[in-house]
Amino acid sequence: MTDSTKGPSPILAAGGIVLRGNTKPRFAIVRMRREKSWVLPKGKLMPREHPRDAAKREVLEETGHDVSVHKFLGSMAYPALGRIKIVQFWLMRASSLQERELSNDVKAVKWLPLTQAIDTLSRPHEKVFLTHVGPIALNEIKKTTRKKTRSSRKRRSPAASATPHVIAMSYEKTRPSAFAKALGKWFGRTAQSGLRKAG
């Protein structure tokens, strides 16, 4: 009997759903130099690096903007190099000015409204993911902006709110499987556990 847990370990990566501006927030997408594709800013984790830290580092490298990291939005999983790649995403707010040069593998950055950003992305699973988490990100920005306008009121600690965990799979290359279902359940349990600890 073979052990179903053995096999190539997944590639772990992290990135950001990065917004800039308050009244008309724009989403960051980056153009990769080698593949010539428009993608969400993200990259692989370094050894022992926390995914949140990796996400912030990768976004700075790929957009040139320093960011503040906010709530966790969800994950994508898709086949890459004969393995499964799992990318975790956080909502981020970008500084208004570009702080540094783009990394060598990035050719350009665009800041677009949600619908245009979705249309411009090259990969179907990223389009699906941004379609689901984009409105959540915009809603968070609106809530933050409303809180700032009420700054004269007494500051209260925010209650932990459950965000539906979004998982986007590349269904063109893989069919829904026991792995995909198990992955979804695991991410859901992990997210709920994190919310209970925060609350």
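These notebook entries record what I looked up in this structure, which is a predicted model.

**Entry 1: helix α1**

I began with helix α1, which runs over residues 51–63 and has 13 residues. From its first C-alpha to its last, α1 reaches 18 Å, close to the 18 Å expected at 1.5 Å a residue. I then looked at what follows the helix and found Gly 64, whose phi is positive, near 80°.

Which residues of α1 are buried? I noted Pro 51, Ala 54, Ala 55, Arg 57, Glu 58, Val 59, Glu 62 and Thr 63.

**Entry 2: the nonpolar cores**

I turned to the largest nonpolar core, which has 26 residues. Ile 17, Phe 27, Leu 40 and Leu 130 touch the most other members of this core. At least two residues each are supplied by β1, β2, β5, β6, α2 (114–120) and α3 (124–149). The largest share, 6 residues, comes from α3.

I also recorded a second, separate core of 12 residues. Among its members are Ala 28, Trp 90, Met 92 and Trp 111.

**Entry 3: aromatic pairs**

How many aromatic pairs are there? I counted 2.

One of them is formed by Phe 72 and Trp 90, with 5.0 Å centre to centre and 65° between the planes. Planes over 60 degrees apart count as edge-to-face, and the pair of Phe 72 and Trp 90 is of this kind. The pair links distant parts of the chain, since Phe 72 lies in strand β5 and Trp 90 in strand β6, 18 residues apart. I checked the exposure of both partners. Phe 72 has 26% relative accessibility and so counts as partly exposed. Trp 90 is at 7% and therefore counts as buried.

I then examined Phe 89 and Phe 129. Why is this pair called tilted? The ring centres are 5.0 Å apart and the planes stand at 40°, so the pair of Phe 89 and Phe 129 is tilted. This pair, too, links distant parts of the chain: Phe 89 is in strand β6 and Phe 129 in helix α3, 40 residues apart. Phe 89 is buried, with a relative accessible area of 0%, and Phe 129 counts as buried at 0% relative accessibility.

**Entry 4: Thr 131**

I located Thr 131 in helix α3.

**Entry 5: Leu 81**

Where is Leu 81 found? I found Leu 81 in the loop between β5 and β6. Its relative accessibility is 78%, so Leu 81 counts as exposed. Along the chain, Leu 81 and Ile 11 are 70 residues apart, and their C-alpha atoms are separated by 9.3 Å.

Conventions:
Residues numbered from 1 in each chain as written. Predicted model: local features only at pLDDT ≥ 70, side-chain atom pairs only at ≥ 80, totals over all residues. Heavy atoms only, no water. Helix = DSSP H or I, 4+ residues; strand = E, 2+ residues; numbered from the N terminus. Expected span 1.5 Å × (residues − 1). Buried < 20%, exposed > 50% of the residue type's maximum accessible area, 1.4 Å probe, protein only. Core = buried A, V, L, I, M, F, W, Y, C linked by side-chain atoms within 4.5 Å. Phe/Tyr/Trp six-rings, centres within 6.5 Å; stacked < 30°, edge-to-face > 60°.
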